[in-house]
Amino acid sequence: MADLGKGVTAGKLASNMQKKITRAQEKVLQKLGKADETKDAAFEEWVTNFHKQLAEGTKLQRDLRAYLAAVKAMHESSKRLQECLVDMYEMEWYGKDEVNSIAEDTDLLWTDFHQKLVDHALISMDTYLGQFPDIKARIAKRDRKLVDYDSARHHYASLQKGKKKDDVKVAKPVSLLEKAAPGWAQGILSAHHVAQTNLSRSQAEEELGRAQKVFDEINEDLQEELPSLWNSRVGFYVNTFQSVAGLEEKFHREMGKLSLNLNDVLDKLEEQKAGKVSQKTAAAVKSNTGGTNNALTPGGTGAPAIPKSPSKLKPGPPLPPPPKVTPSKDLKPENIINLFDDAFVPEINVSSPSQFEAPAGGSLLDMDFDALQSTSSAPATHVAPQADGTETAAQTAETESDAAAPSQPAETLPETTNGSTEDAEMPPGFLYKVVVMHEYTASDADELELKSGEVLLVVTFDKPEEQDEGWQMAVKESYWLENKDLKAKGVFPENFTQRL
């Protein structure tokens, strides 16, 4: 017999084709109601559950793969973010090595999390779904064998029902043969017909038995496996989601520790930078004051701190040194006392802080009279010549004291630095005047360069919400009087000036 392929012969091919035709005929007869169909309601319910379980498992596998892809993407994003921090972190900053170590540990933690999800969830999921294709194929085979069994059963039943009809059909030819054939031949013909009928019935019965045996074997196996498979879904789902939840809990706990360590390093970096600025400021104050004279600074601690500039997100510029102390004139003790006798009663403006008020522990001898004399346009009080030298010295000190009186500038300053009067036109949004007490070097384009003694006209911000604490907007008085515009206005640290 011709071989049509590996393990396939023409006879086997014909047999398979005959089976398909027989099954098709049987299915048509069953649908038309010409033949009954073997039914098993319990098995049909198990098959329905099987298909439901397969659909649920397939969806879970698809979503789990999507989750792993998202974890992989988060790993890559986190890695790039950490690398960016490492690249920006300068060598002299605090915690450079710690930041590198945290970045490496973070990358390893993501890698371990992804791999364990694959091992404990995805591989287990693939194994669970791997058993469905085989069972699905066996269910389909059972359906085919059930059709074969029904077909063999119907064929055998039809032979049983047609036995009497066949005997009648054969009886007439036998009677004719008996007439035409000799007596010895009639027995042979009758025996041959009975043998053929018995052979067909025997073959049908044998085919029925074989079909039933094959069907029963497959059916019994599936009757045991399908319920067991259906019940196994509970344990599998519990194990899968417990694994994912446990791995997530451990991952986030460890990641939280790394994040806390990174936050601590950055906090200490901020403290380090703030400490260096303070050390530089203290050193500058000490070098300019000799480590003893703190009278010119608020609280006696040196130059005022610079508030945060509204144009920058980083700490303010380094603090400038305080102005040099101008030695006071040599005065006799009795002349210093004369400064406070009944003849010297300065006008005190209680509505504004004293510009040159000496802090606690200081004295008038420590005040910078030169800075005041260079900026104040208040005319010196004319003192008539005195014959007595002691009185002349006292009046001279009184004149200098009048020039440095803390409460006088706002009321006794009839002229500005360029000779203009206070009644001159003020810029839009004008609030008040201030005098510069400490020099300040601008560190941004929107800041004013301050020199000791300059007078500033403080104005309102165009956008009040942009004003930062400790900063004011102003234009130099000299510029305003000359140009009458606000093109040169800028911000300045308020604590570097004194309000007039």
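Predicted model: local features only at pLDDT ≥ 70, side-chain atom pairs only at ≥ 80, totals over all residues.
Residues are numbered from 1 along each chain as its sequence is written, and side-chain values use heavy atoms, leaving out hydrogens and water.

View A. Glu477 sits in helix 11 (residues 477-483) and Lys433 in strand 3 (residues 430-436), so the pair ties together parts that are 44 residues apart in sequence. Helices (H or I, at least four residues) and strands (E, at least two) are DSSP runs, numbered from the N terminus. Glu477 is buried, with a relative accessible area of 2%, and Lys433 also counts as buried, at 13%. Buried means under 20% relative accessible area, exposed over 50%, and partly exposed in between (1.4 Å probe, protein chains only).

**View B. Arg138 and Glu225 meet in a salt bridge.** Their side chains are 2.8 Å apart, N to O. Arg138 belongs to helix 4 (residues 132-161) and Glu225 to helix 6, so this pair ties together parts that are 87 residues apart in sequence. Look for Asp134 too: Asp134, Arg138 and Glu225 are linked in a network of salt bridges. Glu225 is partly exposed, with a relative accessible area of 29%.

**View C. Glu206 and Arg210 pair up within helix 6.** Their side chains meet in a salt bridge of 3.7 Å, N to O. Being 4 residues apart, Glu206 and Arg210 are separated by about one helical turn. Glu206 is exposed, with a relative accessible area of 52%, while Arg210 is partly exposed at 43%. A search of the whole structure finds 14 salt bridges.

**View D. Gln472 makes a polar contact with Gln467.** The two side chains come to 3.4 Å. A polar contact is a pair of N or O atoms within 3.5 Å; within protein, one must be able to donate a hydrogen and the other to accept it, and residues adjacent in sequence count only if both atoms are side-chain atoms. Gln472 lies in strand 5 (residues 471-476) and is buried, with a relative accessible area of 12%.

Key. Salt bridge = Lys/Arg side-chain N within 4 Å of Asp/Glu carboxyl O.
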